[in-house]
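The report below describes a single protein chain, element by element.

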Amino acid sequence: MRTKLIKVVSLLLAISLLTIAATVVATASEETAPFTLVSSEVQAGKVTISVTSTSDRYAVQGTFSVSDENFELESISVEAYDAPKGEEISDLIIEDPTSGKVSWADLNFDSNGEVIVTATYKVADDITPGDYTLSFALDAYGDENGNPVRYTGGALTTTVTIADESAGLKGDVDLDGKVGSGDVTRLLEHVAGIQDLTDPVAISNGEVTGDGELSSADVTKILEYVAGIISSLN
């Protein structure tokens, strides 16, 4: 009887210790995020923001957000997987496509210094020039051992700048405040002698190669930018 009692007590003690250990792991928290948030330039009416790791992590969950109706979430991608809103691919789950909340687990890859997940936003055509804050509210992540860690340091943020048309936007030949296929067409008309550009701002915006004149080289460079082949006209 004594032996059975000792076994029962030992078993209960072991279960208690395991429960305490699990609770400690589950409630661990950190205020310094092992991630950064980086934004791209606005290109062809779209902008991307990416969560990049600064150390090895194996799972992340959080929410992409922007407090402005001029930005509409189009898609979220992770590693080689691309997940349009509402779809589930591999371990990536977009839990709420309207808010951009995502979570995934057990990706099990060395993420140090790499882009973990990226959100693509469509930018409204009539957006007012200025600085806009986009964010990723990091809820939790897995540490190097796969243990969950709650993040309590607040949202990761990045600033997207919408250029002022009046200041001159390189590539904006038709002066509509953005760079698109219309600018390629308008500049091509000028270079081909079909319809000359007369507005000094339009002429300045169309000269993107730095040689001081408008030519087919400027048309090609703006076309490459619109097509996403190059990321900047500077």
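## The pair of helix 2 and helix 4

In this predicted model, the axes of helix 2 and helix 4 (residues 216-226) come within 9 Å and cross at roughly 170°, where axes are lines fitted to C-alpha atoms, for helices over the stretch in contact, and angles run from 0 to 180 degrees between N-to-C directions. Helix 2 is therefore roughly antiparallel to helix 4, on a scale in which angles under 35 degrees count as roughly parallel, over 145 as roughly antiparallel, 65 to 115 as roughly perpendicular and the rest as oblique. Helices (H or I, at least four residues) and strands (E, at least two) are DSSP runs, numbered from the N terminus. On the helix 2 side, Ser181, Val184, Leu187, Leu188 and Val191 meet Ser216, Asp218, Val219, Ile222, Leu223 and Val226 of helix 4, a contact being heavy atoms within 4.5 Å.

Val219 belongs to helix 4 and is buried, with a relative accessible area of 10%; buried means under 20% relative accessible area, exposed over 50%, and partly exposed in between (1.4 Å probe, protein chains only). Leaving aside residues up to four places away in sequence, Val219 touches Val184, Leu187, Leu188 and Val191, and its C-alpha atom is separated by 6.3 Å from that of Leu188, 31 residues apart along the chain. Ser181, in helix 2, is by contrast exposed, with a relative accessible area of 53%, although the C-alpha atoms of Ser181 and Leu223, 42 residues apart along the chain, are separated by 7.3 Å.

## The surroundings of helix 2

The buried residues of helix 2 are Asp183, Val184, Arg186, Leu187 and His190, and these pack against helix 3 (200-206) as well as helix 4. An α-helix has 3.6 residues a turn, so residues three or four places apart point the same way.

Positive phi values occur on either side of this helix. Just after helix 2, Gly193 takes a positive phi of about 80°. Leu175, in the loop between strand 13 and helix 2 (181-191), has a phi near 60°, a positive value in a residue other than glycine, and Leu175 is partly exposed, with a relative accessible area of 26%.

Strand 11 (residues 130-142) pairs with strand 13 in the antiparallel sense over seven bridges, two strands being counted as paired if DSSP finds at least two bridges between them. Within this pairing, Asp131 stands opposite Thr161 of strand 13.

In strand 12 (residues 148-151), Val149 and Tyr151 form a covered face, whereas Pro148 and Arg150 form an uncovered one.

## The hairpin of strands 2 and 3

Strand 2 (residues 35-39) and strand 3 (residues 46-53) run antiparallel and are joined by five bridges, with Phe35 opposite Ser53 in strand 3. The two strands form a hairpin with six residues between them, and Ala44 in the turn has a positive phi of about 50°.

## The chain as a whole and its confidence

The chain contains four helices and 13 strands, and 35% of its 234 residues count as buried. Residues 24 or more positions apart account for 65% of the contacts with a separation of 6 or more. The chain exposes about 13000 Å², of which carbon and sulfur atoms supply 52%; accessible areas come from the Shrake-Rupley method with a 1.4 Å probe, and for residues only the protein chains shown count as cover.

The average pLDDT (the predictor's confidence in each residue, from 0 to 100) is 75, and 68% of the residues score at least 70. Over residues 80-91 the pLDDT is below 50, and this stretch has 28 contacts in the model beyond near neighbours in sequence. Residues 105-110 also have a pLDDT below 50, with 15 contacts counted beyond near neighbours in sequence.

Because this is a predicted model, local features need pLDDT of at least 70 and side-chain atom pairs count only at pLDDT 80 or more, while totals for chains, interfaces and linings use all residues. Residues are numbered from 1 along each chain as its sequence is written, and side-chain values use heavy atoms, with hydrogens and water left out.
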